[in-house]
Amino acid sequence: MTLNYIWLAFFLVSLVVGLVKLAGGDTAVFGAMTQATFDSAKTGFDISIGLTGVLTLWLGLMKVGEAGGAIGVMAKLVSPFFRRLFPEIPRDHPALGSIIMNFSANMLGLDNAATPLGLKAMNELQTLNPDKETATNAQIMFLVLNTSGLTLIPISIMVYRAELGAANPADVFLPILLTTYVATLVALIGMALVQRINLLDPVLLGWLLGITGLVGAVVYAFAGMPQERVQAISNVVANVVLYGVISAFLLMALVRKVNAYEAFIEGAKEGFQVAIRIIPYLVAVLVAIGVFRASGTLDLLTRGLGVLFAAIGLDERMIPALPTALMKPLSGSGARGMMVDAMKTYGADSFVGRLASTFQGATDTTFYILALYFGSVGVKKTRYAVSMGLLADLAGVMAAIVIAYLFWG
């Protein structure tokens with residue numbers, strides 16, 4: 001019901017704002033809002049169809065990994081940690097392997113690989129769901145940790161910064177890493193409290209401390225490098241790991257005498273079906289967001305925040321970057337556009353440009369992920385998934401602001 005109310009609010013608030021602007025003489029506002037419905041519907045369809053090839057590829061590879069035993073090996077390595085975060089998932093269930101692969105792809109900033117792996121994981125979690133229309137605790141945990149967007153190597157953001165003339169495109173690497181880790185940690189702690197998961201469990205606590213140490217080590221290693229080397233190394237590491245995973249799947253299938261080609265075809269057949277299933281959910285969300293933007297409501301919200309910040313004495317330099325933060329839970333492409341616009345207007349190396357980049361890398365797109373993942377399995381009752389996802393978003397925004405002032409203030 002939460003998503004239903006938010007979805008309706010996008011349209012109704014936009015209607016009120018549109019009527020006010022029309023009364024003020026803006027005769028083009030409803031034309032822009034109507035056009036946004038068509039443009040956004042087309043975008044939702046294009047995204048779904050565009051995912052077909054990637055879904056086909058990765059669902060096929062996942063089937064090869066399952067048949068060859070590679071995913072089972074990976075799942076066993078980290079199963080002590082994930083069994084405590086996902087106590088509803090039976091031991092050795094294939095969902096664990098898909099979850100691990102999805103998180104790994106997200107950490108490397110490989111969005112195209114992460115999405116089909118996430119859809120695969122959600123479908124496998126749905127097989128454990130006794131009420132097919134209501135999200136389980138495991139599905140919500142998986143989705144919220146996805147929306148928190150833990151990314152070790154923000155490749156795409158560094159590429160955009162390079163294209164827009166940043167002197168050191170990778171100078172946002174450390175701030176993004178710290179920010180996204182804070183968002184993920186807040187999401188994990190919040191979910192553990194809601195689902196009554198014991199964070200003081202020795203295994204869980206040990207893993208959390210270990211991951212924190214790993215993040216610290218990565219920060220330390222990259223902090224000691226010349227900035228121009230960071231982007232190059234990040235690209236190489238991400239792509240080597242990605243192709244290494246593919247190769248490992250194929251090699252294990254060969255060793256175990258699995259017919260990798262037939263396994264790939266069997267898994268790949270699911271790609272088109274999943275892409276078709278998600279079309280109505282994506283169109284619904286993206287049209288609502290498009291109308292919200294076209295009505296000018298987002299601009300009004302941003303200006304209102306500027307007035308509020310000025311009234312309480314906060315630094316107003318951050319305000320031009322806030323549209324990226326406000327758009328990120330709603331639309332990944334919209335937030336990316338806001339980030340690019342901020343860098344074009346103020347400069348890639350300006351405080352605004354760097355803060356907008358940090359906002360973009362802080363968390364993932366909550367409503368897009370919710371519509372995409374839950375829509376792919378037909379879940380309609382999302383329970384507390386939206387509120388916990390937005391909590392992670394809020395933590396990411398606050399952390400991004402604090403860390404940006406520490407680095408560039």
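Student: Which residues do ring pairs link into a cluster?
Tutor: This is a predicted model in which local features need pLDDT of at least 70 and side-chain atom pairs count only at pLDDT 80 or more, while totals for chains, interfaces and linings use all residues. Residues are numbered from 1 along each chain as its sequence is written, and side-chain values use heavy atoms, with hydrogens and water left out. Rings of Phe, Tyr and Trp (for Trp, its six-membered ring) pair if their centres lie within 6.5 Å. The cluster linked by such pairs consists of Phe-81, Phe-82, Phe-86, Phe-103, Phe-142, Trp-207 and Tyr-373.

Student: Is the pair of Phe-82 and Phe-86 stacked or edge-to-face?
Tutor: By this rule the count of aromatic pairs comes to 11. For Phe-82 and Phe-86, the ring centres are 6.1 Å apart and the planes meet at 15 degrees. Planes under 30 degrees apart count as stacked, over 60 as edge-to-face and the rest as tilted. The pair is therefore stacked.

Student: Are Phe-82 and Phe-86 buried or exposed?
Tutor: With a 1.4 Å probe and protein chains only, a residue counts as buried under 20% relative accessible area, as exposed over 50%, and as partly exposed in between. By that scale both Phe-82 and Phe-86 are buried.

Student: How many of the 14 residues of helix 4 are buried?
Tutor: Helices here are DSSP runs of H or I with at least four residues, numbered from the N terminus. Helix 4 covers residues 94-107, and among its buried residues are Leu-96, Ile-99, Phe-103 and Ala-105. Helix 4 is mostly covered, and its count of buried residues is 11.

Student: How far apart are the end C-alpha atoms of helix 11?
Tutor: The expected span of a helix is 1.5 Å times one less than its number of residues. Helix 11 has 18 residues (260-277), so it should span 26 Å. The actual distance between its end C-alpha atoms agrees with this, at 27 Å.

Student: Within what arc do the buried residues of helix 11 fall?
Tutor: The buried residues of helix 11 are Ala-263, Gly-267, Ala-268, Gly-271, Val-274 and Ala-275. Seen down the helix axis, they line one face of the helix, whereas Glu-262 and Lys-269 are exposed on the other side. The arc, taken from the directions from the helix axis to the C-beta atoms, is 125 degrees.

Student: What is the relative accessibility of Lys-257?
Tutor: Lys-257 lies in the loop between helix 10 (227-255) and helix 11, and has a positive phi of about 55 degrees although it is not a glycine. Most residues other than glycine have a negative phi. Lys-257 counts as exposed because its relative accessibility is 78%.

Student: Where is Arg-196 found?
Tutor: Arg-196 also has a positive phi, near 60 degrees, in a residue other than glycine. Arg-196 is exposed, with a relative accessible area of 80%. Its place is the loop between helix 8 (173-194) and helix 9 (202-223).

Student: How far apart in space are Val-13 and Thr-297?
Tutor: Val-13 lies in helix 1 (residues 2-23) and is partly exposed, with a relative accessible area of 38%. Although Val-13 and Thr-297 are 284 residues apart in sequence, their C-alpha to C-alpha distance is 7.7 Å.

Technical notes:
Helix = DSSP H or I, 4+ residues; strand = E, 2+ residues; numbered from the N terminus.
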